[in-house]
Amino acid sequence: MDSTSIRILIAEDHLIARLGLAAIIKTQRDMKIISETNNGQDAIALYRRYKPDVVLMDVRMPVMNGFEAMATIRSDFPEARVIAISAFGGDQDIRQAFRCGAQSYLIKDILQIELIEAIRAVHAGKQYLTDLAWTSLASDPPPPDLTHREMEVLNLIVQGLSNKQISYTLGIAHYTVNNHVKSILTKLGVEDRTHAATIAIRRGIVHLY
(Lines give C-alpha, C1' and ligand atoms only; values in the text may rest on other atoms or scores of the structure.)
Protein backbone atom coordinates (compact mmCIF):
# COMPACT_ATOMS: atom_id res chain seq x y z
CA MET A 1 0.00 0.00 0.00
CA ASP A 2 1.21 3.52 -0.70
CA SER A 3 -0.05 7.08 -0.45
CA THR A 4 -2.05 6.63 -3.67
CA SER A 5 -4.25 3.89 -2.19
CA ILE A 6 -7.99 4.53 -2.12
CA ARG A 7 -8.79 4.80 1.58
CA ILE A 8 -12.17 3.24 2.41
CA LEU A 9 -14.54 3.37 5.39
CA ILE A 10 -17.11 0.55 5.64
CA ALA A 11 -20.34 1.18 7.56
CA GLU A 12 -22.37 -2.06 7.62
CA ASP A 13 -24.21 -3.60 10.55
CA HIS A 14 -24.29 -7.20 9.32
CA LEU A 15 -20.98 -8.83 10.19
CA ILE A 16 -20.98 -11.34 7.32
CA ALA A 17 -21.74 -8.62 4.77
CA ARG A 18 -19.03 -6.39 6.24
CA LEU A 19 -16.49 -9.20 6.10
CA GLY A 20 -17.49 -9.94 2.52
CA LEU A 21 -16.99 -6.33 1.43
CA ALA A 22 -13.65 -6.20 3.21
CA ALA A 23 -12.48 -9.45 1.61
CA ILE A 24 -13.20 -8.14 -1.89
CA ILE A 25 -11.52 -4.80 -1.24
CA LYS A 26 -8.42 -6.48 0.19
CA THR A 27 -7.82 -8.20 -3.16
CA GLN A 28 -7.05 -4.80 -4.70
CA ARG A 29 -3.49 -3.55 -4.30
CA ASP A 30 -4.52 0.11 -4.56
CA MET A 31 -7.34 -0.01 -1.97
CA LYS A 32 -7.11 0.11 1.81
CA ILE A 33 -9.77 -0.21 4.53
CA ILE A 34 -9.03 2.41 7.17
CA SER A 35 -11.96 1.72 9.50
CA GLU A 36 -15.21 -0.19 9.93
CA THR A 37 -18.40 0.39 11.94
CA ASN A 38 -21.89 -1.03 12.33
CA ASN A 39 -23.98 2.16 12.68
CA GLY A 40 -24.45 5.53 11.07
CA GLN A 41 -23.58 7.63 14.09
CA ASP A 42 -20.13 6.07 14.38
CA ALA A 43 -19.70 6.41 10.61
CA ILE A 44 -19.98 10.19 10.93
CA ALA A 45 -17.42 10.28 13.75
CA LEU A 46 -15.05 8.02 11.84
CA TYR A 47 -15.39 10.11 8.71
CA ARG A 48 -14.47 13.24 10.64
CA ARG A 49 -11.48 11.45 12.15
CA TYR A 50 -10.04 9.72 9.08
CA LYS A 51 -11.41 11.66 6.06
CA PRO A 52 -11.62 8.52 3.88
CA ASP A 53 -11.62 8.74 0.10
CA VAL A 54 -14.75 6.59 -0.25
CA VAL A 55 -17.43 5.47 2.22
CA LEU A 56 -19.45 2.27 1.75
CA MET A 57 -22.64 3.04 3.65
CA ASP A 58 -25.40 0.54 4.39
CA VAL A 59 -28.68 2.47 4.24
CA ARG A 60 -30.35 0.49 7.06
CA MET A 61 -28.41 0.40 10.32
CA PRO A 62 -29.16 0.82 14.04
CA VAL A 63 -28.62 4.00 16.09
CA MET A 64 -28.67 6.13 12.91
CA ASN A 65 -29.54 4.84 9.45
CA GLY A 66 -27.30 5.28 6.44
CA PHE A 67 -29.51 7.89 4.79
CA GLU A 68 -29.16 10.24 7.76
CA ALA A 69 -25.46 9.51 8.14
CA MET A 70 -24.57 10.20 4.50
CA ALA A 71 -26.68 13.36 4.47
CA THR A 72 -24.83 14.63 7.56
CA ILE A 73 -21.44 13.74 6.11
CA ARG A 74 -22.18 15.40 2.76
CA SER A 75 -23.52 18.48 4.55
CA ASP A 76 -20.36 18.84 6.63
CA PHE A 77 -18.00 17.64 3.89
CA PRO A 78 -19.44 18.43 0.43
CA GLU A 79 -16.48 16.72 -1.21
CA ALA A 80 -17.23 13.39 0.51
CA ARG A 81 -17.72 10.42 -1.80
CA VAL A 82 -20.29 7.88 -0.64
CA ILE A 83 -21.55 4.60 -2.05
CA ALA A 84 -24.90 3.49 -0.63
CA ILE A 85 -25.31 -0.26 -0.20
CA SER A 86 -28.47 -2.21 0.58
CA ALA A 87 -30.12 -5.61 0.40
CA PHE A 88 -33.05 -3.87 -1.32
CA GLY A 89 -33.28 -2.28 -4.76
CA GLY A 90 -36.51 -0.28 -4.51
CA ASP A 91 -36.61 2.91 -6.53
CA GLN A 92 -37.52 5.00 -3.48
CA ASP A 93 -34.42 3.84 -1.60
CA ILE A 94 -32.26 4.64 -4.63
CA ARG A 95 -33.80 8.09 -5.07
CA GLN A 96 -33.44 8.87 -1.36
CA ALA A 97 -29.81 7.75 -1.32
CA PHE A 98 -28.96 10.15 -4.15
CA ARG A 99 -30.92 12.96 -2.48
CA CYS A 100 -28.79 12.35 0.63
CA GLY A 101 -25.59 12.71 -1.35
CA ALA A 102 -24.64 9.20 -2.50
CA GLN A 103 -22.83 8.90 -5.82
CA SER A 104 -23.66 5.21 -6.25
CA TYR A 105 -26.20 2.66 -5.05
CA LEU A 106 -25.28 -1.02 -4.90
CA ILE A 107 -27.32 -4.10 -4.02
CA LYS A 108 -25.43 -6.46 -1.70
CA ASP A 109 -25.53 -9.38 -4.14
CA ILE A 110 -23.61 -7.47 -6.82
CA LEU A 111 -20.69 -9.03 -8.63
CA GLN A 112 -17.24 -8.36 -7.19
CA ILE A 113 -16.20 -6.49 -10.33
CA GLU A 114 -19.16 -4.12 -9.94
CA LEU A 115 -18.12 -3.21 -6.39
CA ILE A 116 -14.57 -2.49 -7.53
CA GLU A 117 -15.78 -0.50 -10.54
CA ALA A 118 -18.12 1.53 -8.33
CA ILE A 119 -15.35 2.37 -5.85
CA ARG A 120 -13.00 3.48 -8.65
CA ALA A 121 -15.71 5.52 -10.38
CA VAL A 122 -16.86 7.31 -7.22
CA HIS A 123 -13.26 7.94 -6.17
CA ALA A 124 -12.77 9.59 -9.56
CA GLY A 125 -15.73 11.89 -8.90
CA LYS A 126 -18.22 10.04 -11.10
CA GLN A 127 -21.64 8.54 -10.43
CA TYR A 128 -22.10 4.80 -10.78
CA LEU A 129 -25.37 2.90 -11.20
CA THR A 130 -25.69 -0.78 -12.02
CA ASP A 131 -28.07 -1.97 -14.74
CA LEU A 132 -30.37 -3.28 -11.98
CA ALA A 133 -30.57 0.15 -10.34
CA TRP A 134 -31.24 1.86 -13.67
CA THR A 135 -34.00 -0.65 -14.40
CA SER A 136 -35.58 -0.07 -11.00
CA LEU A 137 -35.63 3.70 -11.51
CA ALA A 138 -36.94 3.44 -15.05
CA SER A 139 -39.63 0.82 -14.46
CA ASP A 140 -41.42 2.48 -11.55
CA PRO A 141 -43.52 5.66 -11.77
CA PRO A 142 -42.60 8.83 -9.84
CA PRO A 143 -42.91 8.50 -6.06
CA PRO A 144 -46.49 8.75 -4.77
CA ASP A 145 -47.35 12.03 -3.06
CA LEU A 146 -48.50 10.57 0.25
CA THR A 147 -49.33 12.87 3.15
CA HIS A 148 -47.72 12.39 6.56
CA ARG A 149 -50.90 10.77 7.89
CA GLU A 150 -51.17 8.50 4.85
CA MET A 151 -47.59 7.38 5.44
CA GLU A 152 -48.50 6.55 9.05
CA VAL A 153 -51.48 4.51 7.86
CA LEU A 154 -49.43 2.76 5.18
CA ASN A 155 -46.76 1.80 7.70
CA LEU A 156 -49.44 0.21 9.88
CA ILE A 157 -50.96 -1.59 6.90
CA VAL A 158 -47.54 -3.07 6.17
CA GLN A 159 -47.36 -4.21 9.80
CA GLY A 160 -50.60 -6.11 9.25
CA LEU A 161 -53.02 -3.95 11.25
CA SER A 162 -56.69 -3.81 10.28
CA ASN A 163 -58.47 -0.49 9.73
CA LYS A 164 -60.05 -0.82 13.16
CA GLN A 165 -56.64 -1.38 14.77
CA ILE A 166 -55.17 1.55 12.85
CA SER A 167 -58.03 3.73 14.08
CA TYR A 168 -57.25 2.77 17.69
CA THR A 169 -53.47 3.13 17.26
CA LEU A 170 -53.61 6.59 15.68
CA GLY A 171 -56.58 7.81 17.72
CA ILE A 172 -58.62 8.76 14.67
CA ALA A 173 -62.12 7.84 13.51
CA HIS A 174 -62.67 4.58 11.64
CA TYR A 175 -64.19 6.35 8.63
CA THR A 176 -61.13 8.62 8.49
CA VAL A 177 -58.89 5.57 8.27
CA ASN A 178 -61.09 4.18 5.49
CA ASN A 179 -60.69 7.41 3.55
CA HIS A 180 -56.91 7.38 4.01
CA VAL A 181 -56.72 3.78 2.83
CA LYS A 182 -58.76 4.58 -0.28
CA SER A 183 -56.46 7.52 -1.05
CA ILE A 184 -53.35 5.36 -0.54
CA LEU A 185 -54.66 2.68 -2.90
CA THR A 186 -55.41 5.29 -5.54
CA LYS A 187 -51.98 6.95 -5.27
CA LEU A 188 -50.16 3.62 -5.42
CA GLY A 189 -52.32 2.43 -8.31
CA VAL A 190 -53.41 -0.77 -6.56
CA GLU A 191 -56.75 -2.34 -5.68
CA ASP A 192 -56.24 -3.80 -2.21
CA ARG A 193 -54.27 -3.48 1.02
CA THR A 194 -52.10 -6.54 0.38
CA HIS A 195 -50.90 -5.18 -2.96
CA ALA A 196 -50.32 -1.78 -1.34
CA ALA A 197 -48.11 -3.37 1.33
CA THR A 198 -46.18 -5.35 -1.28
CA ILE A 199 -45.54 -2.30 -3.45
CA ALA A 200 -44.58 -0.16 -0.44
CA ILE A 201 -41.94 -2.66 0.67
CA ARG A 202 -40.59 -3.43 -2.80
CA ARG A 203 -40.15 0.21 -3.76
CA GLY A 204 -38.71 1.20 -0.40
CA ILE A 205 -41.62 3.52 0.47
CA VAL A 206 -41.92 1.67 3.79
CA HIS A 207 -39.14 -0.20 5.56
CA LEU A 208 -39.77 -3.23 7.72
CA TYR A 209 -36.87 -2.24 9.98
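Tutor: In this predicted model, Asn 163, Lys 164, Ile 166 and Ser 167 of helix H8 meet His 174, Val 177, Asn 178 and Val 181 of helix H9, where contact means heavy atoms within 4.5 Å. Three of these contact residues are nonpolar, four polar and one charged; Ala, Val, Leu, Ile, Met, Phe, Trp, Tyr, Cys and Pro count as nonpolar, Asp, Glu, Lys and Arg as charged, and the others, Gly among them, as polar. H8 covers residues 163–170 and H9 covers residues 174–188, the elements being DSSP runs numbered from the N terminus (helices H or I, at least four residues; strands E, at least two). Their axes lie 9 Å apart, and the packing angle is about 115 degrees; axes are lines fitted to C-alpha atoms, for helices over the stretch in contact, and angles run from 0 to 180 degrees between N-to-C directions. H8 and H9 are therefore roughly perpendicular to each other, given that angles under 35 degrees count as roughly parallel, over 145 as roughly antiparallel, 65 to 115 as roughly perpendicular and the rest as oblique.

Residues are numbered from 1 along each chain as its sequence is written, and side-chain values use heavy atoms, without hydrogens and water. Local features need pLDDT of at least 70 and side-chain atom pairs pLDDT 80 or more, whereas totals for chains, interfaces and linings use all residues.

H8 also packs against H7: their axes come within 10 Å and cross at roughly 125 degrees. That makes H7 oblique to H8, and this crossing is right-handed. H7 contributes Arg 149, Glu 152, Val 153, Leu 156 and Ile 157, and H8 contributes Ile 166, Thr 169 and Leu 170. Five of the residues in this contact are nonpolar, one is polar and two are charged.

A pocket is an open set of points on a 1 Å grid over the protein atoms alone, where a 1.4 Å probe fits, with protein on both sides within 12 Å along at least five of seven lines; lining residues have an atom within 4 Å of a point. The volume of the largest pocket is about 220 Å³, meaning the space filled by probe spheres set on points joined across faces, edges and corners. Of its twelve lining residues, Gln 96, Met 151, Gly 204, Ile 205 and Val 206 lie nearest the centre. H4 gives the largest share, three residues. The lining comprises six nonpolar, five polar and one charged residue.

The second largest pocket, of about 150 Å³, draws at least two lining residues each from H1 (15–25) and strand S5 (104–107). H1 gives the most, four residues, and the lining has eight nonpolar, one polar and two charged residues. Leu 21, Ile 24 and Leu 115 are among the lining residues. These three also take part in the contact of H1 with H5, which joins Leu 21, Ile 24 and Ile 25 to Gln 112, Leu 115, Ile 116 and Ile 119. By class, that contact has six nonpolar, one polar and no charged residues.

Key. Left-handed = near helix turned anticlockwise from the far one by under 90°.
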